[in-house]
Amino acid sequence: MKEPELCTNPLRAAFLLRNGKLVAFPTETVYGLGADATNSAAVERLFAIKGRPTNNPLIVHIADIEQLVTVGQDIPELARLLLKQFSPGPITVVVPKRPAIVAAVTAGLQTVGVRIPDELQTRTMLRVAGIPVAAPSANRSGKPSCTTYQSVIEDFGDSIDAILLGAPSGIGIESTVVDCTRQPARMLRPGGISMAQLWRVEPSITTAGQHIELDDNSPGRLHPHYQPRARVHLFADPGEIVPQGRAAYLGLVPHPHPDQFGWHCTYDSVADYARAFYEALREVDRRGLLSVHCQRVALEGTGAALADRLARAAE
Ligand code: TXA
Ligand code: MG
């Protein structure tokens with residue numbers, strides 16, 4: 001597969017973004033695929049290349065909290081509080097949007113999701129570019145997200161312009177999205193910041209719960225997500241599974257007969273499982289396995305985010 005330009009210098013990546021190019025970049029959650037959020041041609045090309053439904057809004061990435069006013073307006077106090085508490089880090093706040101952010105970015109909504117990623121090279125790129133950067137996860141729509149630059153190349157080749165090189169993502173699951181434009185504020189997507197952490201800042205924040213799919217304010221939740229070619233099956237107890245055909249196993253505890261699987265992986269903690277999860281789904285496909293059995297995790301803490309991704313991968 002042909003490669004896009006591989007940048008080691010964030011100034012080069014910033015220059016390309018300023019010139020309307022599509023540049024993938026590392027973050028602590030997953031890799032993002034960026035375009036100038038004020039350039040509609042660049043944003044339209046991004047939707048087309050990713051195969052993203054145009055009714056699913058993108059998150060806008062900024063270098064620091066000072067840049068927030070270039071993206072949002074009438075900023076709710078809670079949005080500032082959450083960014084101050086958890087940024088740079090895996091939190092996205094939804095706030096009223098400024099007109100400079102083109103309509104395609106927010107799928108026509110009057111609100112915009114904003115996030116400050118915890119990756120030094122990426123923040124340098126954003127600061128130097130001096131423009132807000134719209135970026136979905138850097139994967140073909142519907143597939144598992146990418147936590148390494150090699151997986152980004154696997155999905156896009158040279159159909160994107162460049163990748164800012166970085167380490168594998170340390171968290172491995174996307175940011176927590178909180179809609180701060182409603183009263184009370186509402187968590188739309190579980191992620192790297194847990195409900196318990198959010199409640200310490202504002203106890204009235206609600207969860208969208210099981211009906212999140214029906215909520216037109218969270219359009220991204222309507223589409224298939226995180227799915228490899230292999231069939232994904234979830235289990236609680238390893239004793240339940242009898243693998244059929246060439247299957248993979250991912251879990252916190254080992255299967256009593258690991259040799260029954262074409263690939264058998266165990267993780268020491270929920271955090272390790274989350275970090276490895278998307279890349280493991282991709283590896284299952286690379287190995288040509290037909291199914292993957294994934295152990296469920298408890299909904300506590302950041303386990304809630306992994307549980308959400310497991311359920312959606314298995315849909
Ligand atoms: O960790 C992350 O958030 C990664 C990295 C690259 O920053 N980005 C990411 O983007 O996960 P994406 O496009 O895969 O998911 C964005 C989610 C979608 O569920 C979308 O519906 C929601 O954020 N979202 C974005 N803007 C929104 C808005 N204005 N109102 C409600 N939901 C919004
Ligand atoms: Mg995504």
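**Exercise 1.** How many residues surround ligand 1, and which are the closest?

*Solution.* Before we start: this is a predicted model, where local features need pLDDT of at least 70, side-chain atom pairs count only at pLDDT 80 or more, and totals for chains, interfaces and linings use all residues. Residues are numbered from 1 along each chain as its sequence is written, chains are lettered from A and ligands numbered from 1 in the order in which they are written, and side-chain values use heavy atoms, with hydrogens and water left out.

Step 1: count the residues with a heavy atom within 4 Å of the ligand. You get 26 around ligand 1.

Step 2: pick out the closest, namely Thr29, Arg52, His61, Arg115 and Ser175.

**Exercise 2.** In what order do the strands of the open sheet of 4 strands run?

*Solution.* Step 1: read off β12-β15-β13-β14, paired in parallel. Strands here are DSSP runs (E, at least two residues), and two of them pair if DSSP finds at least two bridges between them.

Step 1: spot the edges, β12 (231-235) and β14 (263-266), which each pair on one side only.

Step 2: look between β12 and β15 (residues 291-295), and you'll find 5 bridges. Here Arg231 stands opposite Ser291 in β15.
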